[in-house]
Amino acid sequence: MLQGFNATLTEPVNAPGRRFDQFKEMELKLHPDLKEPLKKLCDDPKTTIVVLSGSDRSVLDENFGEYNMWLAAEHGMFLRRTKGDWMTTMPENLHMDWVDSVKHVFEYFTERTPRSHFELRETSLVWNYKYADVEFGRLQARDMLQHLLTGPISNAAVDVVQGRRSVEVRAVGVTKGAAIDRILGEIVHNKDVKAPIDYVLCIGHFLPKDEDIYTFFEPELPTGPVAAARVKVANPVNRAASNGSTRKSAFRAIRSKGPQIFPASEKRTSNNGNGNCCSIMRDRMTVHEGSSVLDLKGDNYFSCAVGRKRSSARYLLGSSADVVSLLKELAESSPPG
């Protein structure tokens, strides 16, 4: 089970009436209603959970230190079992000589944009104007992008990733999807997965740049967000599925809430025509230790975008509250420990 963190597992933050100096303390806190269901899911020996986030290691340590799960920080550049030590999965040729010049730009725009702030991480920098005046923040973001592209990063191997109210600069090619194979490889190497992975549930509020996390498991999907509106899953798992059936039935209950956005005949095409997602994946990429552990059929893969109507995910969950409901139902369907 792959989970995003921000706007997926976090508690909602209400800006009105809050001082700006409180915001950073309030942000990125695990939703309190998820503590028990997450623990039950993590304690299920047949379930492996990975929280994959752009946040740095300290944020994930603070929120998930008590759970038996895998943590992937900074878009998968760092990985750890909660009872182990952090390890790096960074490619050896990752160049970070652009950081100082970008930091100076972010400092400048933070000073001139009230209620904005920036985060300096080990492999990326993020400028956030979520709590600034909306129109002024957008103008500043536009000026920042122009300044970056014509100056400090004009010849640097970086990607500039625009969020709804943020600007991130990260090394080129650093995405959540690109990290999945390395993450799976480490999990297999640590013997956390003893049998082939035959079911995957992937939930997150991912930026378009990171939606390759969906196409890793389902490469037949179009690259990039699609124009078709997603079917909203109002009550992702019904009570009947959780009360007398297995976890696999609970996963399948998600599908019963709405039609697939892309018909199977349009989505799954391969040279051999067998429709097996794993075989297609192996045809299109070098088989590493991570990808080779998958024994995944298309019907056993469930991807849910949270709060994004334009997405490569199969299904839509409206908010983190819907994620809470889903994980509670899945936890109830988990066999007793």
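Student: How many disulfides does the structure hold?

Tutor: The structure holds zero disulfides; a disulfide is a pair of cysteine sulfur atoms within 2.5 Å. This is a predicted model, in which local features need pLDDT of at least 70 and side-chain atom pairs count only at pLDDT 80 or more, while totals for chains, interfaces and linings use all residues. Residues are numbered from 1 along each chain as its sequence is written, and side-chain values use heavy atoms, with hydrogens and water left out.

Student: Is C202 buried or exposed?

Tutor: C202 is buried, at 0% relative accessibility. Buried means under 20% relative accessible area, exposed over 50% and partly exposed in between, with a 1.4 Å probe and protein chains only. C304 is buried too, at 1%.

Student: Now the strands. Which strand does β3 join?

Tutor: Strand β3 (residues 70-73) runs antiparallel to strand β4 (residues 78-81), and four bridges join them. Strands are DSSP runs of E with at least two residues, numbered from the N terminus, and two of them pair if DSSP finds at least two bridges between them.

Student: What lies between β3 and β4?

Tutor: Their hairpin has four residues between the strands, and E74 takes a positive phi near 50° there.

Student: And how many bridges link β4 and β5?

Tutor: Two bridges pair β4 with β5 (residues 87-88), again antiparallel. F78 stands opposite T88 in β5, and this hairpin has five residues between its strands.
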